[in-house]
Amino acid sequence: MHSEASVTDLDIAALPPSLRQLAARGLVRNYGRGAVLIEEGSQGDSLYLVLSGSLRVYGCDARGREVTYGIYGSGEYVGEMSLDGGLRSASVITEEASRCVMLTRASLLAHIAAHPEFAFELLTKVIRRARAATLSTKQLALNDVYGRLRALLESSSTAGDDIMLTHQAMAHRLGCSREMVSKLVKDLEQGGYLTRIANGRYQRLRALPIRW
């Protein structure tokens, strides 16, 4: 369930000017945690600009296994890949209660007509995400599960920082089972590389070994 309202200046005050102008063409929607905004394989022409909260973009196979493509927060937008009229290539779900501006393809095209420079900004965003997807695919193909876990943990923190990822969240990002992640994390704890702290968070104590 979600509520819907017109966009106000207060809603979009924190956005950069180009996105404020775009957001003014949409409608504000509030979503609870776990709300599915987009379903992979569905037809749709809307994109969502995040005002607060966070959205997870993911894919799912026939057996229900998920892989996370990215987490997007305030000032980011998702759903732009379907604006060519094709089917949705990924699903989007709220990671926490979120407030978004929903924009249609027609409103985006109207914005680009009025502000042609935004087309380049949109293209740059698509290219960056395509590049990130290529790198992710390469890592999945060439690294074993531990190698991918090591890259994820080291990119999520520096030594001494908290790692704010559950075992399931790690599994989604790595394209493996939660049980595999749990086993590897337990081994790293026993080896003195990770330590568990409050609320299921972890702290990386030192550089992780290249191989395990």
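**Working chat: rings, a helix face and a pocket**

Student: Is Tyr31 buried or exposed?
Tutor: Tyr31 counts as buried, since its relative accessibility is 8%. Please keep in mind that the model is predicted.

Student: And Tyr48, buried or exposed?
Tutor: Tyr48 also counts as buried, because its relative accessibility is 7%. The cut-off for that word is a relative accessible area under 20%.

Student: How many aromatic pairs does the structure hold?
Tutor: The structure holds one aromatic pair. The pair is made by the rings of Tyr31 and Tyr48, with centres 6.5 Å apart and planes at 75 degrees.

Student: Why is the pair of Tyr31 and Tyr48 called edge-to-face?
Tutor: Planes over 60 degrees apart count as edge-to-face. The planes of Tyr31 and Tyr48 stand at 75 degrees, so the pair falls in that class.

Student: Which parts does that pair tie together?
Tutor: Tyr31 belongs to strand S2 (residues 27–31) and Tyr48 to strand S4 (residues 46–52), so the pair ties together parts that are 17 residues apart in sequence.

Student: Changing topic: which charged end sits over the ring of Tyr77?
Tutor: That is the charged end of Lys125, at 5.2 Å from the ring centre. In another such arrangement, the charged end of Arg206 sits over the ring of Tyr193, 4.0 Å from its centre.

Student: Let us turn to helix H3. Which of its residues are buried?
Tutor: In H3, which covers residues 105–114, the buried residues are Ser107, Leu108, His111 and Ile112.

Student: Why do they line one face of the helix?
Tutor: Seen down the axis of H3, the buried residues fall within an arc of 140 degrees, so they line one face. As background, an α-helix has 3.6 residues a turn, so residues three or four places apart point the same way.

Student: What does the face turned away from the buried side carry?
Tutor: That face of H3 carries the exposed residues Ala106 and Ala113.

Student: How much space lies in the second largest pocket?
Tutor: The second largest pocket holds about 460 Å³ of space. It is lined by 21 residues, and the closest to its centre are Arg33, Glu95, Met164, Thr166 and Ala169.

Student: Which elements give two or more residues to its lining?
Tutor: They are strand S6 (66–72), strand S8 (91–94) and helix H6 (167–174). The largest share comes from H6, with four residues.

Student: What about Phe120, buried or exposed?
Tutor: Phe120 is placed in helix H4 (residues 117–142) and counts as exposed, with 60% relative accessibility. The cut-off for exposed is over 50%.

Student: Where does Arg211 have its place?
Tutor: Arg211 is in the segment after strand S12 (202–204), and it is exposed, with a relative accessible area of 70%.

Student: Finally, the whole chain: how many helices and strands does its secondary structure come to?
Tutor: The protein chain has seven helices and 12 strands. Its C-alpha trace spans about 60 × 35 × 30 Å along the principal axes. Of its 212 residues, 39% are buried.

Technical notes. Residues numbered from 1 in each chain as written. Predicted model: local features only at pLDDT ≥ 70, side-chain atom pairs only at ≥ 80, totals over all residues. Heavy atoms only, no water. Phe/Tyr/Trp six-rings, centres within 6.5 Å; stacked < 30°, edge-to-face > 60°. Buried < 20%, exposed > 50% of the residue type's maximum accessible area, 1.4 Å probe, protein only. Lys NZ or Arg CZ within 6 Å of the ring centre and 35° of its normal. Arc of directions from axis to C-beta. 1 Å grid on protein atoms, 1.4 Å probe; cavity = no way out; pocket = protein on both sides within 12 Å on 5 of 7 lines; lining within 4 Å. Points joined across faces, edges and corners; volume = space filled by probe spheres on them.
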